[in-house]
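Thanks for coming. Please have the structure open.

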Amino acid sequence: GRYRLHLPTLGSAAFAAGYLAEPKLGAGFEFVQGGISGSKVWACDSVNGDGVNWADEVVKLNRNGDELAVAISVTHSTLSDANAFVEAQLSAVGTVLHLSLPNTGQDAIKNGGHAIRAANEVMKLISERRHALGLSGQIHLFWSAPNAFAFMLGQLARPLGLVTLYEFNFEGAGYGRYAPSLSLSPTVRLN
């Protein structure tokens, strides 16, 4: 069937919903995506001529570590806060991968078709950079992006192995305003 999802929730909940609704289930999804110009329905099969040109930056930390932190900037830049959190809290992370769209903002991802292409490209870049860096440990995900994108990224994330998700604390002050929210393993499935 085809399901229309309303996801006015934390990004981690949207990601986890996608993680559990893995593509093998064969369900189709469309999303009511809120934004500055109101709500729009995003379908994964919508047509969009816009390409996805992620800029990627590898930040090597001054320590050894087999884990990778990934900061994804779509609506806002995440690198400064993710780096600060990693430096203070995640000693097993040796590298931060920052993926950003050229024009971050509320309209950086146009629709569902654009979002699924963006999510596919993120997964490809994480896999390529992780392999090139020789890292095999846990992945830590930080992002600022629409929840429809987070759902789609979750659907594609099982090959990453163990992932921990982080939420931005909007009421906090200073740098590193993230908190761990969920850890997901490929063994977690809907029955």
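First, a term: by contact, or packing, I mean heavy atoms within 4.5 Å. The model is predicted, so local features need pLDDT of at least 70, side-chain atom pairs count only at pLDDT 80 or more, and totals for chains, interfaces and linings use all residues. Residues are numbered from 1 along each chain as its sequence is written, and side-chain values use heavy atoms, with hydrogens and water left out.

Helices (H or I, at least four residues) and strands (E, at least two) are DSSP runs, numbered from the N terminus. Buried means under 20% relative accessible area, with a 1.4 Å probe and protein chains only.

Start with helix α1, residues 11-20. Seven of its ten residues are buried, so the rest of the structure largely encloses it. The buried ones are G11, S12, A14, F15, A16, G18 and Y19. What do they pack against? Their neighbours are β7 (139-144), α4 (147-156), β8 (163-168) and β9 (178-184).

Helix α2, residues 79-89, has L79, D81, A82, N83, F85 and V86 buried. These pack against β4 (55-60), β5 (67-73), β6 (93-100), β7, β8 and β9.

Next, the pair α3 and α4. The axes of α3 (residues 112-133) and α4 come within 9 Å and cross at roughly 45 degrees. Axes are lines fitted to C-alpha atoms, for helices over the stretch in contact, and angles run from 0 to 180 degrees between N-to-C directions. From α3, the contact uses G112, A115, I116, A118, A119, N120, V122 and M123, and from α4, F149, M152, L153 and L156. By class, that is ten nonpolar, two polar and no charged residues. Here Ala, Val, Leu, Ile, Met, Phe, Trp, Tyr, Cys and Pro count as nonpolar, Asp, Glu, Lys and Arg as charged, and the others, Gly among them, as polar.

Now the sheet. It is open, with three strands in the order β1-β2-β3 and mixed pairing; two strands pair if DSSP finds at least two bridges between them. β1 (2-6) and β3 (40-43) are at the edges with a single partner strand each, so one side of each lacks a neighbour in the sheet. The twist averages 25 degrees from one strand to the next. Strand β2, residues 28-33, runs antiparallel to β3, and four bridges join them. V32 has V41 in β3 as its bridge partner.

Finally, α4 again: this helix lies across β1, β2 and β3, running at about 155 degrees to β2.

Key. Buried means under 20% relative accessible area, exposed over 50%, partly exposed in between (1.4 Å probe, protein chains only).
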